[in-house]
Structures are given as C-alpha cells and as structure tokens.
Amino acid sequence: MTDIVASNRDRLLQAAVEAKTFAYVPYSKFRVGAALLTEDGEIIKGANIENASYGGTICAERTAFVKAVSEGHRKFVALAVTTDVASPIAPCGMCRQVIREFCPLDMPILLAASSYLEKEDGVRESTLEELLPFSFGPEDLERDRG
C-alpha cells in the first residue's frame, strides 16, 4: 500500500460508510457505498441508485467513477467499498471492468464489512488484479490484430 493510501485509509473507509447513507435502494434494500481516492488526495463518494426498470440501476462504484471522471479526474490510487453485510463484499463484474478502465492492476481495493471497526478482519485488502484476473483493458485495443 502506498503512503498516500495508508495515510488516507481511515478517511477513505469512513467516506464509503457516509456514501452508503445516500443509497437509493427501494427494491433490493441492499445499500452500497464507495469512496474513490484520487492521486491528489481527493475523495469522491458514490452510492448505489436503483431504478424501477432495474436496468437503469447504477452501482456505488460506478457512481463514484462517473462523478470523478465527469469532474476531470482520471488517476486514482485506491477504492473502498462497504455494504450492510457483516462480511466484506466485492464489486460486481461490470464495476470491476469500469475500475479496470481507469486504474492500475495493483491499485488497492478495500472491502469493508458493515462492522469493520469492530472486527480485526473487517477490511479485506485486495487489488484490481486479484478481483479481475486476465482482464481486458484500454491497452489491449492497441495490440496487433495480425
């Protein structure tokens, strides 16, 4: 874990918890909060937003990325995700691919249980590469097609 991530770890986890309070989940009742750390130390929060059509639903992680990218951020150093579940939950496949678009494979991803402060193992530290092995990314579009 880099110095910027280590020094912002608690702040990042707390931001994910705060983001979760803004989740709009009238259908699943499954709240998710995400917090994205930019390379300059700014934290961008996101919550999952459901839609009656279901297909229009957007996950917390993608909400954070859409907000960040639309505000001009393109480089990120860590992501924290939390839910109301007692054990850490990882991002869905679609979110993993969006993370892959903007982040290095070794970027830390902190997966926090709902009661992470009360448990020694309440935060699982992972990387994008662990969550999305053999991934496809922007650089793959530059490969020879011969």
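Tutor: A crossing is left-handed if the near helix is turned anticlockwise from the far one by less than a right angle, and right-handed if clockwise. This is a predicted model, with pLDDT of at least 70 needed for local features and 80 or more for side-chain atom pairs, while totals for chains, interfaces and linings use all residues. Residues count from 1 along each chain, and side-chain values use heavy atoms, without hydrogens or water.

Student: Is the crossing of α2 and α3 left-handed or right-handed?

Tutor: Find both helices (DSSP runs of H or I, at least four residues). α3 covers residues 93-102. The α2 and α3 crossing is left-handed.

Student: Are α2 and α3 roughly parallel or roughly antiparallel to each other?

Tutor: Their axes (lines fitted to C-alpha atoms over the stretch in contact) lie 9 Å apart. The angle, on a scale of 0 to 180 degrees between N-to-C directions, is about 30 degrees. Under 35 degrees counts as roughly parallel, over 145 as roughly antiparallel. So α2 and α3 are roughly parallel.

Student: How many nonpolar residues are in the contact of α2 with α3?

Tutor: Contact means heavy atoms within 4.5 Å. Glu-61, Arg-62, Phe-65 and Val-69 of α2 meet Met-94, Cys-95, Val-98, Ile-99 and Phe-102 of α3. Among these residues, two are charged (Asp, Glu, Lys or Arg) and none is polar. The nonpolar ones number seven.

Student: How far apart in space are Thr-127 and Val-81, C-alpha to C-alpha?

Tutor: Thr-127 sits in strand β5, residues 123-127. Beyond its neighbours within four places in sequence, Thr-127 touches Leu-105, Asp-106, Met-107 and Ile-109. Val-81 is 46 residues from Thr-127 in sequence. Their C-alpha separation is 13 Å.

How values were computed. Helix = DSSP H or I, 4+ residues; strand = E, 2+ residues; numbered from the N terminus. Parallel < 35°, antiparallel > 145°, perpendicular 65-115°, else oblique.
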